Amino acid sequence: MGKRKLITLALLFVLVSSFLGCATIKVGGNAQLVSSSQEGTKIAEQRYWYALWGLVPLGDNSTDPYIPSSVKKLRVETTTTFIDGLISFFTGIVTITCRTAEIYEVK
């Protein structure tokens, strides 16, 4: 296999693996979790880091510190922002990925 083909395959592997994974975010607190179809006001946004394509969280992957005790209902959206994708692209070769959780208070 040629050197150019090997580099192309390696880059393709990094690109694909940076968007795959099984990253989990623990949603806790006393608030009731509601469906994603309900509108809300964003109260927090946090980036979470993972190794081995999401298998191993690097640090606390809980939303507890970001949910005020006064919140009664909330929804959490996990997204891959442009910045997450960019970071994951460059760190994917060493299997480090990141995801962003957006926390919304629902009335």
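Which exposed residues does the face of α2 turned away from its buried side carry? They are Phe 82 and Phe 90, and the views below start from there. This is a predicted model, in which local features need pLDDT of at least 70 and side-chain atom pairs count only at pLDDT 80 or more, while totals for chains, interfaces and linings use all residues. Residues are numbered from 1 along each chain as its sequence is written, and side-chain values use heavy atoms, with hydrogens and water left out.

**View A. The buried side of helix α2.** Helix α2 spans residues 82–91, and its buried residues are Asp 84, Gly 85 and Ser 88. These lie on the same side of α2 because they cover an arc of only 95 degrees around the axis, taken from the directions from the helix axis to the C-beta atoms. Their cover includes β2 (41–51), β4 (73–79) and β5 (97–105). Here buried means under 20% relative accessible area, exposed over 50% and partly exposed in between (1.4 Å probe, protein chains only). Helices (H or I, at least four residues) and strands (E, at least two) are DSSP runs, numbered from the N terminus.

View B. Cys 98 lies in strand β5 and is buried, with a relative accessible area of 0%. Leaving aside neighbours within four places in sequence, Cys 98 is in contact (heavy atoms within 4.5 Å) with Arg 47, Tyr 48, Trp 49, Asp 84, Ile 87 and Ser 88.

**View C. Salt bridges.** A salt bridge is a side-chain nitrogen of Lys or Arg within 4 Å of a carboxyl oxygen of Asp or Glu, and the count by this rule comes to five. In one of them, Lys 42 and Glu 45 meet at 2.8 Å, N to O; Lys 42 is partly exposed at 40% relative accessible area, as is Glu 45 at 44%. Glu 77 and Arg 75 pair at 2.1 Å, N to O, with Glu 77 partly exposed at 25% and Arg 75 buried at 6%. Glu 105 also forms a salt bridge with Lys 107, their closest N and O atoms being 3.4 Å apart. Glu 105 is buried at 19%, whereas Lys 107 is exposed at 79%. Shared partners join Lys 42, Glu 45 and Glu 102 into one network of salt bridges.
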